[in-house]
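Subject: Structure handover

Hello,

Here is the structure for your files. My notes on it follow below.

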Amino acid sequence: MVGDYEVFFGNQQVGKVQVRRQGLYYRFFCRCRLTGEVVCRLYVSCGGQQENLGVVVPVEDGFGLDTRQPVKRFREGEPSFSLIPKHEVPSGQFVPIVPEEPFAYLERLKTSFLVKKYGQIGILLENQSEISSPTGQWSEPVTSE
């Protein structure tokens, strides 16, 4: 995966990413040109897997991201990098965070997002079609009419 790659927003090239290996980590150094009207996340697709590298933020005269990720998170293959508007992040199940109550999804925090929904802070669990109730209680299935 080490090398220099183009970053695409839709079908338009908007920047570059340098990937360097540092021990057990890959270092991603991204710089791109965006309008700033929409918050975007940088994703890398490699070996049939897509990983979220984070939100690009204003730097110098454009936008960028400088992060390190463990090598073991990525599959072999030729990577491709893309920017996706934050509001287009795949939806998932919202789990509220309630003070003074135990949180049953600690192991899922790495692949979730902190969000505010229904006026409450919680996490959005990704890539899960069904999540059982952490209390073991049965709940009525949601159906549409």
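Leu114 belongs to strand 10, residues 112-117; strands (E, at least two residues) and helices (H or I, at least four) are DSSP runs, numbered from the N terminus. This is a predicted model, in which local features need pLDDT of at least 70 and side-chain atom pairs count only at pLDDT 80 or more, while totals for chains, interfaces and linings use all residues. Residues are numbered from 1 along each chain as its sequence is written, and side-chain values use heavy atoms, with hydrogens and water left out.

Leu114 is exposed, at 63% relative accessible area (exposed is over 50%, buried under 20%, partly exposed in between; 1.4 Å probe, protein chains only). Together with Ile97 and Ile121, Leu114 makes up a nonpolar surface patch with about 280 Å² of accessible area. Areas are from the Shrake-Rupley method with a 1.4 Å probe, and for residues only the protein chains shown count as cover. Patch members have over 30% relative accessible area and no salt bridge; like charges are joined within 9 Å, nonpolar side chains (Val, Leu, Ile, Met, Phe, Trp, Tyr) within 5 Å. A salt bridge is a side-chain nitrogen of Lys or Arg within 4 Å of a carboxyl oxygen of Asp or Glu.

Eight strands form an open, mixed sheet in the order 5-4-8-1-2-3-7-6, where pairing requires at least two DSSP bridges between two strands. Strand 5 (49-55) and strand 6 (57-59) are the edges, each pairing on one side only.

Strand 3 (residues 25-32) is antiparallel to strand 7 (residues 62-70), over eight bridges. Across this pairing, Cys30 stands opposite Leu65 and Tyr26 has Gln69 as its bridge partner. Strand 2 (residues 12-22) also runs antiparallel to strand 3, again with eight bridges; here Lys16 is partnered with Arg31. Two residues separate strands 2 and 3 in a hairpin, and Gly23 in the turn has a positive phi of about 65°.

In a regular strand the side chains alternate between the two faces of the sheet. The covered face of strand 3 carries Tyr26, Phe28, Cys30 and Cys32, and the uncovered face Tyr25, Arg27, Phe29 and Arg31.

Finally, the cysteines. A disulfide needs two cysteine sulfur atoms within 2.5 Å, and the count is zero. The closest cysteine sulfur to that of Cys32 is in Cys30, 4.3 Å away, which is too far for a bond. Cys40 is in no disulfide either, with the sulfur of Cys32 the nearest at 7.8 Å. Cys32 is buried at 4% relative accessibility, and Cys40 is buried at 3%.

Regards
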